[in-house]
Amino acid sequence: MRRLLLTTFAAALCFAAGAQDHIPGYYKDIFMDSGIMLTSRTDLPVTELLGLSMEAFVSTKHSYTLPYQFTPTDTLRQRELIAGSPIDENGILLYPDGAPRFRMVYMNGGRAGSHGKSLEDGGRQAYRDFVKAGGSYLGSCAGAFVASLGSRNAEGKISNTKTYLGLWPGHTMSTKLEKSYTAVDIVPDGPLAQCFDFDGRMHIDSVRHNGGCFAWMDDAPAGTEILAKYSTKGRELERDIDGLPVVWAHKESPATGRVVLCGSHPEGAYDAENLGLMTAMVRYALAGNAGPVVKAALAPGEPREMADRKDPAFAPIGDRQYHHFTIDVPKGVKVMTIDLKGFLDKSDFDLHLRASRTGFAFAGDAAWAHVGTKVDKSLEIKDPKPGKYYLSVFCATTVTSTMGKYGVEYSGRTDVLNGVPYTIQVNFE
């Protein structure tokens with residue numbers, strides 16, 4: 001039944017204007033945080049619908065009524081994945097140069113303060129670095145709370161929480177509504193309506209809600225977008241939330257990722273309306289990724305060594321990552337040669353070399369390419385037209401990932417996680 005619903009439902013995705021579900025240059029699309037004190041979710045229906053790749057960290061399952069069963073292994077595994085370890089110094093979210101390794105992080109509901117604390121300083125900073133470098137973030141309920149600076153209480157007092165992430169530099173407020181459902185109104189002609197065809201029906205009757213929040217707009221940062229509002233008119237609730245923001249978004253600059261936050265829980269549902277809401281949020285978050293960047297403009301005859309993990313501009317390359325360069329070709333060049341060389345003890349990784357005159361040299365867009373095994377590659381372009389050329393290095397070597405007790409487990413070429421060093425050089429004749 002679920003498969004039939006997803007297959008039928010996929011037709012509506014054709015409506016999404018400008019939303020890009022697949023972009024090269026990342027290891028995978030989504031990392032899901034089902035960590036300590038969060039819902040121990042292992043699947044996300046929207047990823048199957050959109051054909052997105054995903055990995056997750058899943059802590060020991062907990063209950064709100066039974067004693068917590070977390071162990072030191074939960075803490076250690078979460079710390080190693082998010083904050084880093086000797087075999088992956090930058091952590092699972094980031095490449096060796098600090099670029100986002102996934103396009104988006106999704107954080108589940110649960111207990112925001114406890115999860116934020118469990119991430120520790122290193123994990124919280126990894127999240128901040130991820131969004132600052134262009135990766136997007138989607139959080140529901142606890143995932144929305146913890147992404148803010150803090151909260152406002154009923155007396156109007158604003159409190160900042162040190163263990164929150166501050167990805168959206170505003171404040172939330174609790175709805176005081178638990179184990180219930182609310183209706184949701186999509187903002188007409190807004191971003192969510194552009195990312196999914198709701199067939200003109202901007203009202204969703206029933207979205208699960210359990211202790212969630214809304215955006216406090218009085219001190220919201222400039223650029224905060226209200227995407228959907230609670231619709232609870234006529235209900236007697238402890239706190240009147242009718243018309244308040246249930247879904248909102250913020251993108252600090254073109255160089256950062258987009259943060260999309262939701263006070264309710266559409267993420268696990270398979271019904272068309274909830275799945276449509278989740279689809280629209282995911283697509284809007286993904287559309288907010290920062291674009292590719294040029295590492296450097298190369299100078300002819302000068303080798304550029306990419307081996308310094310302490311300097312992002314000269315860092316080695318990660319798995320399934322692209323490094324982009326440019327070279328300006330003057331008039332009169334008869335032959336342009338682009339050489340890619342590996343280090344003696346790091347030569348058994350598979351790097352690809354590409355060149356293009358029309359834009360970033362991704363696979364399928366590049367007019368010249370040298371792919372295959374090992375690092376060393378060379379491209380020779382005869383009688384190049386003068387102007388700017390785009391060059392790229394792509395790391396095809398990656399880890400083997402499997403699902404274990406705590407979610408993703410890596411094996412195989414784990415040595416790629418700390419990056420592959422190389423030297424690139426362009427010569428003119």
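Two strands pair if DSSP finds at least two bridges between them.

**View 1. An open sheet of 4 strands with mixed pairing.**
The strand order is β6-β5-β7-β10. β6 (158-160) and β10 (213-216) are the edge strands. Each has a single partner strand, so one side of each has no neighbour in the sheet. From one strand to the next, the twist averages 35°. Strand β5 (residues 150-152) and strand β7 (residues 171-174) run parallel and are joined by 2 bridges. Opposite S151 stands T172 of β7.

**View 2. An open sheet of 4 strands with antiparallel pairing.**
Here the order is β15-β24-β17-β20. β15 (304-306) and β20 (377-382) lie at the edges, and each pairs on one side only. Neighbouring strands are turned by 15° against each other on average, direction ignored. Strand β17 (residues 335-342) runs antiparallel to β20, with 6 bridges between them. M336 faces its opposite number, I381 in β20.

**View 3. Helix α4 (residues 112-132) and its bend at E120.**
How far apart are the end C-alpha atoms of α4? They span only 21 Å. A straight helix of 21 residues would span 30 Å, at 1.5 Å a residue. At E120 the helix bends by about 105°. Just after α4, G134 has a positive phi of about 120°.

**View 4. The buried residues of α4 and what they pack against.**
Which residues of α4 are buried? They are A112, H115, G116, S118, L119, G123, R124, A126, Y127, F130 and V131. The threshold for buried is under 20% relative accessible area. These buried residues pack against strands β1 (28-34), β3 (102-107), β4 (136-140) and β13 (258-262). They also pack against helices α3 (72-82) and α5 (142-145).

**View 5. Strand β13, covered on both faces.**
Why does β13 count as largely enclosed by the rest of the structure? Of its 5 residues, 5 are buried, so the strand is largely enclosed. In a regular strand the side chains alternate between the two faces of the sheet. One side of β13 carries R258, V260 and C262.

**View 6. The pairings of β13 with β4 and β12.**
Strands of a sheet pair through backbone hydrogen bonds, either parallel or antiparallel. β4 and β13 are parallel, with 4 bridges. Strand β12 (residues 245-251) and β13 are antiparallel, with 5 bridges. C262 of β13 is the bridge partner of S140. C262 is also the bridge partner of V247. A hairpin of 6 linking residues connects β12 to β13.

**View 7. From β12 to β11 and on to β8.**
β11 and β12 run antiparallel, joined by 4 bridges. K229 stands opposite P245 of β12. Strand β11 (residues 225-231) also pairs with strand β8 (residues 180-186). That pairing is antiparallel and has 4 bridges. V184 has Y230 of β11 as its bridge partner.

**View 8. P24 and its contacts across the chain.**
P24 sits in the loop between α1 (2-9) and β1. Is P24 buried, partly exposed or exposed? Its relative accessibility is 43%, so P24 counts as partly exposed. The class lies between under 20% for buried and over 50% for exposed. P24 touches Y322 and F362, leaving aside residues up to four places away in sequence. The C-alpha atoms of P24 and A363 are 8.4 Å apart. Along the chain, P24 and A363 are 339 residues apart.

**View 9. Confidence across the chain and over residues 14-19.**
The chain has a mean pLDDT of 93. Of its residues, 93% reach 70 or more. Over residues 14-19, pLDDT stays under 50. For this stretch the model has 10 contacts beyond four places in sequence. Where pLDDT is low, the predicted coordinates should not be read in detail.

Methods:
Residues are numbered from 1 along each chain as its sequence is written. This is a predicted model: local features need pLDDT of at least 70, side-chain atom pairs count only at pLDDT 80 or more; totals for chains, interfaces and linings use all residues. Side-chain values use heavy atoms; hydrogens and water are left out. Axes are lines fitted to C-alpha atoms, for helices over the stretch in contact, and angles run from 0 to 180 degrees between N-to-C directions. pLDDT is the predictor's confidence in each residue, from 0 to 100. Contact means heavy atoms within 4.5 Å. The expected span of a helix is 1.5 Å times one less than its number of residues. The bend at a residue is the angle between axes fitted to the seven residues ending there and the seven starting there. Buried means under 20% relative accessible area, exposed over 50%, partly exposed in between (1.4 Å probe, protein chains only).
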